[in-house]
Amino acid sequence: MLKDYENYLIAAGRCEGTIHQRMIQLLRLERFVLDLKSVTEKDLTNFFSTELRNAKPEYRKAFRSAIRGFYAWATQMGYVDVDPAYRLPTVKIPRPLPRPVSEDALAFAYEEA
């Protein structure tokens, strides 16, 4: 099933780096659940709450996207009957703190303008 999905990504024109990253993410999930065809929503929730618990929000969001894309494809192709990733909770990425410019840099910018 993973090879078919990889072929699908290639046919869809995804860049090599994206395909490689998606395959790594799906293999990591497969090691956790053992059988991608029998995954449940609960399995995915457990995966995120244990395996990805300390991962950065950006990585968790990318991982969620990879899993949702994979299971949407798997459902469409008939590999699974129900998409277990459909209701995965969204991953919130905190807004970055403002990084004000230093007084010296601001003065320099005014002088150069």
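This is a predicted model: local features need pLDDT of at least 70, side-chain atom pairs count only at pLDDT 80 or more; totals for chains, interfaces and linings use all residues.
Visitor: How many aromatic pairs does the structure hold?
Guide: Phe, Tyr and Trp rings (for Trp, the six-membered one) pair if their centres lie within 6.5 Å, with planes under 30 degrees apart called stacked, over 60 edge-to-face and the rest tilted. On that basis, the number of aromatic pairs is twelve.

Visitor: Are the planes of Phe47 and Phe63 stacked or tilted?
Guide: Their ring centres are 5.3 Å apart. The planes meet at 50°, so the pair is tilted.

Visitor: How many residues apart in sequence are the parts that Phe47 and Phe63 tie together?
Guide: Phe47 lies in helix H3 (residues 41–50), while Phe63 belongs to helix H4. Both residues are buried. The pair therefore ties together parts whose separation in sequence is 16 residues.

Visitor: Which side chain of opposite charge is nearest to buried Arg64?
Guide: Arg64 sits in helix H4 (residues 57–77) and is buried, yet has no salt bridge, meaning a side-chain nitrogen of Lys or Arg within 4 Å of a carboxyl oxygen of Asp or Glu. For charge, Lys and Arg count as positive and Asp and Glu as negative, with His and the chain ends not counted. Look 9.7 Å away from Arg64 and you reach the nearest opposite charge, Asp83.

Visitor: Which residue has its backbone oxygen 2.9 Å from a polar atom of the side chain of Arg64?
Guide: Arg64 touches Phe48, Leu88, Pro89, Thr90 and Val91, leaving aside residues up to four places away in sequence. A polar contact is a pair of N or O atoms within 3.5 Å; within protein, one must be able to donate a hydrogen and the other to accept it, and residues adjacent in sequence count only if both atoms are side-chain atoms. The backbone oxygen at 2.9 Å belongs to Pro89.

Visitor: And how far away is the nearest side chain of opposite charge to Asp83?
Guide: Asp83 lies in the loop between H4 and H5 and touches Tyr71, Ala72 and Thr75, again skipping residues up to four places away in sequence. Its side chain reaches two backbone nitrogens: that of Ala85 at 2.8 Å and that of Tyr86 at 3.3 Å. Asp83 is buried without a salt bridge, and the nearest opposite charge, Arg68, is at 5.6 Å.

Visitor: Where do Lys3 and Glu6 both lie?
Guide: Their side chains form a salt bridge, 3.4 Å from N to O. Lys3 counts as exposed at 52% relative accessibility, whereas Glu6 is partly exposed at 22%. Three residues apart, about one turn, they both lie in helix H1 (residues 2–11).

Visitor: How many residues apart are Glu41 and Arg87?
Guide: The side chains of Glu41 and Arg87 also meet in a salt bridge, at 3.3 Å from N to O. Glu41 is partly exposed at 30%, and Arg87 is exposed at 60%. With Glu41 in helix H3 and Arg87 in the loop between H4 and H5, this pair links distant parts of the chain, and the separation is 46 residues.

Visitor: What phi does Leu34 have?
Guide: Leu34 is in the loop between H2 and H3 and is exposed, with a relative accessible area of 70%. Although Leu34 is not a glycine, its phi is positive, at about 75°.

Visitor: What separates the C-alpha atoms of Ser102 and Leu34?
Guide: Ser102 is in the loop between H4 and helix H5 (103–112), partly exposed at 42%. Ser102 and Leu34 are 68 residues apart along the chain, and their C-alpha atoms are separated by 52 Å.

Methods: Residues are numbered from 1 along each chain as its sequence is written. Side-chain values use heavy atoms; hydrogens and water are left out. Helices (H or I, at least four residues) and strands (E, at least two) are DSSP runs, numbered from the N terminus. Buried means under 20% relative accessible area, exposed over 50%, partly exposed in between (1.4 Å probe, protein chains only). Contact means heavy atoms within 4.5 Å.
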